[in-house]
Amino acid sequence: MNGTALAIAALVMLTLVKATPLIYAALGGVLSERSGIVNIGLEGIMIAGAFASVVVSGATGNPVLGALAGVAAGALLAAVLAFVATRLAVDQIVAGTGLNIAALAGAGFGLVVVYGQPGASREVPALGATGSNVLIVLAFVAAAALQLALARTPWGLHVRACGEDPSAAESAGIDALRTRFWAVVAGGAIASLGGVYLSLAELDLYSDGMTAGRGFIALAAVIFGRWTPLGATGAALFFGFFAALQFTLQRAGVPSELLQALPYLAALVALAGFAGRVRAPAADGVPYVRS
Amino acid sequence: MTALLRTRAARDVGVVLVAVFGVGSLAMALAHVSPLVGFGSLFDGAFGTPEEVAETLVQTTNLLFPALGIAIAFRAGLFNIGAEGQLMLGGFAAGWLGAQFPLPAYLAIPMVLIGGAIAGGAWGAIPGFLRAKLGANEVISTLMLNFVATLLTTYLVTGPLAQTGGGSQETGTLPKAAQIPDMMVDSRLTYAFVLALVLAAVLWWVLKRTVFGYELRAAGEAPEAARRAGIDLARTAFVAMTLSGAIAGIGGATIVAGVLHRFNTGLSPGYGFIAIAVALVGNLDPLWIVLASLGFGMLQSGGVAMQAEAGVPREVVSLVTGLVIVALAGRRAIANRRTT
């Protein structure tokens, strides 16, 4: 291989590494929002996944168990949001904002309790190159599977119905609250893999603030990707590509702040309708209360 | 109806107390600290000496401005979670202007405060405009603009508008004339505290007694009825978001001109987010928000002592704050949030 080919291969690989956590989180966001629950808590769910996976991997010496624990923790945090959003019909944005704050603080607190030090955990057994590659491939498989499941299965139809018009869905015999609840929990499980990837595949530890707003970039990817799994994956790859290019472009004189702001600006542009019509699920963010 | 509201308010107070003391105690126990010792050091750290009371009031001030801004938007049925970004922009404008233009105090202090209000107001006007003209969800746009604000101010302060060399993330130091005067020696408490209290009283009056306040509340509580009554919902959305951002911007300006005497990209430990909890606990009523900001100001200032003296990680304070937000997400006041 000549130098250019090598450089391109390295760029592709780095893009995949940067995009993978975003893809998982965005897929979790898509699933949740298509059922009608806005999940602002993606960042907190990633934190829960990253932190719990490190603690369990460190305690058991088994990173796969760690990854599973991370998924369980993400699903559990999502279940809290799902519960208050469906059964208590609270404002999903407010609740999600609170969960993010609590998750970040909870993990920071956990660092002190478990490792006796603030800032970062010690190094734990990680998933290694193979595990990292498996998670990268799995992200794309998950995207395709979720796209198919939402579009073509009865379950997907139920989820979408709850996101568009939950009371009509209930008239058709669908339990909207239950459907929404499990869509958010499943979305949390998927999104937490983004956190697991950061802590156990890209690194081998948890450090305070390591998710660095990726949950919000994923939210931007959901919007930029027009609330579809494949669209969100494309948006995540687009953002990942610019993250991978950051150092090259910075050397060429592009301010790094502009590159980092790109996902947020892209989401704003999409929201403002400058890039064609963007429409959220009709009942997205609206609590459903049975009358 | 009033009885029901009163019951709900009482229940909410109960929820907050359980979150603060229940979860706080549990977390302290996990950190092997007796809750009595932990909370003792927290209260002592917040109120033990006059200097500590002053620092509690500094934190109260820093939370009060963004909380008042958030409450204005909320009352208009708009969820502004961009107070953090609006506060950053306001702080940057104040720091840059104050260090750039040496003026006598009677001009310099209004300049930094008005500069902060304009910058924060502009940052609030963007989502207001996107909402009013293009129907873009203000929650997502304010959220995204928080990150853009941090990056933009970092870019400006290290790049085109740098006043200090070496890629420093600070503006120059404000001259004495541009600094808000201290209220107490050996403390960081300034007359910004009084300004915040006056603003709370003014906003209470505006919401309660003026046509504008009535329209704002009508737009928030019953948008459809307000529209039929001839209230321009797009206009109230734009004005409310701009005003909300301006208030948070003044808050950023007072941190810069009162506490730090320069803008620094790390000036806020998340005041704009904690202020969401403050606004909710204060039931979106400016006067109750004063009390709520004192409570959270106490947690902020006492948390430092709690960590230093009792060995309880400060994160407990944020953990409790986050849970309070989750617990109050069901408040009636925000149940009517405009969603279309």
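Let's start in chain B, where helix H3 (residues 50–75) packs against helix H10 (residues 233–260) at an angle of about 170°, with the axes 7 Å apart. That angle makes H3(B) roughly antiparallel to H10(B). The label applies over 145 degrees; under 35 is roughly parallel, 65 to 115 is roughly perpendicular, and the rest is oblique. Axes here are lines fitted to C-alpha atoms, for helices over the stretch in contact, and angles run from 0 to 180 degrees between N-to-C directions. Helices are DSSP runs of H or I with at least four residues, strands are E runs of at least two, and both are numbered from the N terminus.

A word on the source: this is a predicted model, where local features need pLDDT of at least 70, side-chain atom pairs count only at pLDDT 80 or more, and totals for chains, interfaces and linings use all residues. Residues are numbered from 1 along each chain as its sequence is written, while chains are lettered from A and ligands numbered from 1 in the order in which they are written.

Which residues make the contact? From H3(B) they include B:Val58, B:Phe65 and B:Ile72. From H10(B) they include B:Met241, B:Ile247 and B:Val259. In contact means that the C-beta atoms, placed from the backbone, lie within 7 Å. By class, we have 15 nonpolar, seven polar and no charged residues. Nonpolar covers Ala, Val, Leu, Ile, Met, Phe, Trp, Tyr, Cys and Pro; charged covers Asp, Glu, Lys and Arg; the others, Gly among them, are polar.

Next, helix H12 of chain B, residues 286–310. H12(B) has 25 residues and reaches 34 Å from its first C-alpha to its last. That is close to the 36 Å expected at 1.5 Å a residue. The expected span is 1.5 Å times one less than the number of residues. Where does H12(B) bend? At B:Gly302, by about 35°. The bend is the angle between axes fitted to the seven residues ending there and the seven starting there. H12(B) is mostly covered, with 18 of its 25 residues buried. Buried means 20 or more other C-beta atoms within 10 Å of a residue's own; exposed means 12 or fewer; partly exposed is in between; and C-beta atoms are placed from the backbone. Just after H12(B), B:Gly311 takes a positive phi of about 75°.

Two other residues in chain B have a positive phi without being glycine. One is B:Asp186, at about 60°. B:Asp186 sits in the loop between helix H6 (138–158) and helix H7 (192–209) of chain B. Is B:Asp186 buried or exposed? Exposed, because B:Asp186 has 9 other C-beta atoms within 10 Å. The other is B:His261, at about 65°. B:His261 is in the loop between H10 and helix H11 (271–281) of chain B. B:His261 has 22 C-beta neighbours inside 10 Å, so it counts as buried.

The loop between H10 and H11 of chain B also holds B:Gly270. B:Gly270 has 14 other C-beta atoms within 10 Å, so it is partly exposed. B:Gly270 and B:Gly85 are 185 residues apart in sequence, yet 9.8 Å apart in space, C-alpha to C-alpha.

Further along is B:Leu328, in the loop between helix H13 (315–327) and helix H14 (332–335) of chain B. B:Leu328 counts as buried because it has 25 C-beta neighbours inside 10 Å. Not counting residues up to four places away in sequence, B:Leu328 touches B:Asp12, B:Val15, B:Leu280 and B:Val281.

Now chain A. In helix H6 (residues 154–164), the buried residues include A:His158, A:Arg160 and A:Cys162. What covers the buried residues of H6(A)? The cover includes helix H1 (3–34), helix H5 (128–152), helix H7 (166–171) and helix H8 (176–202) of chain A.

A:Gly194 lies in helix H8 of chain A. A:Gly194 is buried because it has 32 other C-beta atoms within 10 Å. Leaving aside neighbours within four places in sequence, the contacts of A:Gly194 include A:Pro21, A:Tyr24, A:Met46 and A:Arg214.

Last, the two chains together. How many residues of chain A are in contact with chain B? There are 36, and they meet 38 residues of chain B. Helix H4 (92–115), helix H9 (214–224) and helix H11 (256–271) of chain A each supply at least two residues of the chain A side. H4(A) gives the largest share, 14 residues. The chain A side divides into 26 nonpolar, eight polar and two charged residues.

Key
Two residues are in contact if their C-beta atoms, placed from the backbone, lie within 7 Å.
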